[in-house]
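Good morning, everyone, and thank you for making the time.

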Amino acid sequence: SFLGKLKQFKDLKDKAKALQDQLSEISSEGSAGWGKVKVTINGTQQVTNVSIDQEVMNDKTKLEGFLKEAFNDAAQKLQ
């Protein structure tokens with residue numbers, strides 16, 4: 001019945017929301033440059049924190065590389 005399908009859909013939607021809430025509680029930190037750049041992401045892959053040591057602020061190319069490494073490290077740890 002239509003109402004039965006509607007209830008199934010609502011139940012599924014509620015389960016998806018609960019799963020997303022659980023994923024947002026999970027946290028993973030990635031780092032690069034011997035800890036000079038750190039990135040924290042949650043289970044939904046939203047960035048929750050970025051930490052950059054002053055020492056690498058003046059080298060744009062190095063900083064960009066470290067950020068990429070740190071993001072990839074955090075994402076890999078999540079899996």
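I will start with the sheet, go on to a helix, and end with one serine.

Please keep in mind that this is a predicted model, in which local features need pLDDT of at least 70, side-chain atom pairs count only at pLDDT 80 or more, and totals for chains, interfaces and linings use all residues. Residues are numbered from 1 along each chain as its sequence is written, and side-chain values use heavy atoms, with hydrogens and water left out.

The sheet is open and has 3 strands in the order 1-2-3, with antiparallel pairing; strands are DSSP runs of E with at least two residues, numbered from the N terminus, and two of them pair if DSSP finds at least two bridges between them. Strand 1 (27–32) and strand 3 (47–52) each have a single partner strand and stand at the edges, so one side of each is left without a neighbour in the sheet. Strand 1 and strand 2 (residues 37–42) run antiparallel and are joined by 6 bridges, and Ala-32 stands opposite Val-37 in strand 2.

Which residues form helix 2, and what does it lie across? Helix 2, a DSSP run of H or I with at least four residues, covers residues 60–78 and lies across strand 1, strand 2 and strand 3.

Finally, Ser-28 is found in strand 1, and it counts as buried because its relative accessibility is 6%, where buried means under 20% relative accessible area with a 1.4 Å probe, protein chains only. The side chain of Ser-28 reaches the backbone oxygen of Ala-74 at 2.8 Å.

Notes. Contact means heavy atoms within 4.5 Å. Axes are lines fitted to C-alpha atoms, for helices over the stretch in contact, and angles run from 0 to 180 degrees between N-to-C directions. Buried means under 20% relative accessible area, exposed over 50%, partly exposed in between (1.4 Å probe, protein chains only). A polar contact is a pair of N or O atoms within 3.5 Å; within protein, one must be able to donate a hydrogen and the other to accept it, and residues adjacent in sequence count only if both atoms are side-chain atoms.
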